[in-house]
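Please keep the sequence and the model open beside this note. The points below can be checked one at a time.

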Amino acid sequence: DWYFIHQVQITNTSIKNLDVYIAVKNIFNFLPLDPIMRANDPFDKNLNVNNPNNYTFDTTYGYAPMQGRRVLFGLRYHLAR
């Protein structure tokens, strides 16, 4: 299925050489139901048990974010501007 990860950042640069920012990542908190396939059998010892599609444990199947919504606050100092 299609999905989008939305992120936003607001930065205030009113102080000389200093940025203050707030950011939100993964705004809509999208997470897959099963982020890692076959995590219960990482060494593929039970491939024939409850596995109709013959999936094996593989972390490359991770197709979506593993972290939910995150809020960040920060300061950024510029040595030369």
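This is a predicted model: local features need pLDDT of at least 70, side-chain atom pairs count only at pLDDT 80 or more; totals for chains, interfaces and linings use all residues.

The numbered points go from the whole chain to single residues.

1. The protein contains three strands and zero helices, and its order along the sequence reads β-β-β. Strand 1 covers 7–15, strand 2 covers residues 18–25 and strand 3 covers residues 70–77.

2. Overall dimensions. The radius of gyration is 20 Å, whereas a compact globule of 81 residues would have a value near 12 Å. Along the principal axes, the C-alpha atoms of the protein occupy a box of roughly 65 × 25 × 15 Å.

3. Surface and burial. Of the 81 residues, 15% count as buried. The accessible surface is about 6900 Å², and carbon and sulfur atoms account for 56% of that area.

4. Contacts along the chain. Take the contacts between residues at least 6 apart in sequence: 55% of them join residues at least 24 apart.

5. The salt bridge. How many salt bridges does the structure hold? It holds one, formed by Asp 19 and Arg 76, with 3.7 Å between the closest N and O atoms. The pair links distant parts of the chain, since Asp 19 belongs to strand 2 and Arg 76 to strand 3, 57 residues apart. Are the two partners buried or exposed? Asp 19 has a relative accessible area of 4%, so it is classed as buried, the cut-off being under 20%. Arg 76 counts as partly exposed because its relative accessibility is 31%, between the 20% and 50% limits.

6. Tyr 3. This residue is in the segment before strand 1. Tyr 3 is partly exposed, with a relative accessible area of 27%. Leaving out neighbours within four places in sequence, Tyr 3 is in contact with Phe 30, Tyr 63, Ala 64 and Pro 65. Leu 75 is 72 residues away from Tyr 3 along the chain, and their C-alpha atoms are separated by 31 Å.

7. Asn 46. The loop between strand 2 and strand 3 includes Asn 46. At a relative accessible area of 42%, Asn 46 is partly exposed. When residues up to four places away in sequence are not counted, Asn 46 touches Arg 38 and Asp 41. From Asn 46 to Thr 56 there are 10 residues in sequence and 9.6 Å in space, C-alpha to C-alpha.

8. Backbone angles to check. Most residues other than glycine have a negative phi. Asn 17 is not a glycine, yet its phi is positive, at about 60°. Asn 29 also has a positive phi of about 60° and is not a glycine. Where do these two residues lie? Asn 17 is in the loop between strand 1 and strand 2, and Asn 29 is in the loop between strand 2 and strand 3. Asn 17 is buried, with a relative accessible area of 15%, while Asn 29 is partly exposed at 36%.

Key
Residues are numbered from 1 along each chain as its sequence is written. Side-chain values use heavy atoms; hydrogens and water are left out. Helices (H or I, at least four residues) and strands (E, at least two) are DSSP runs, numbered from the N terminus. The radius of gyration is taken over C-alpha atoms; the globule rule is 2.2 Å times the number of residues to the power 0.38. Buried means under 20% relative accessible area, exposed over 50%, partly exposed in between (1.4 Å probe, protein chains only). Contact means heavy atoms within 4.5 Å. Accessible areas come from the Shrake-Rupley method with a 1.4 Å probe; for residues, only the protein chains shown count as cover. A salt bridge is a side-chain nitrogen of Lys or Arg within 4 Å of a carboxyl oxygen of Asp or Glu.
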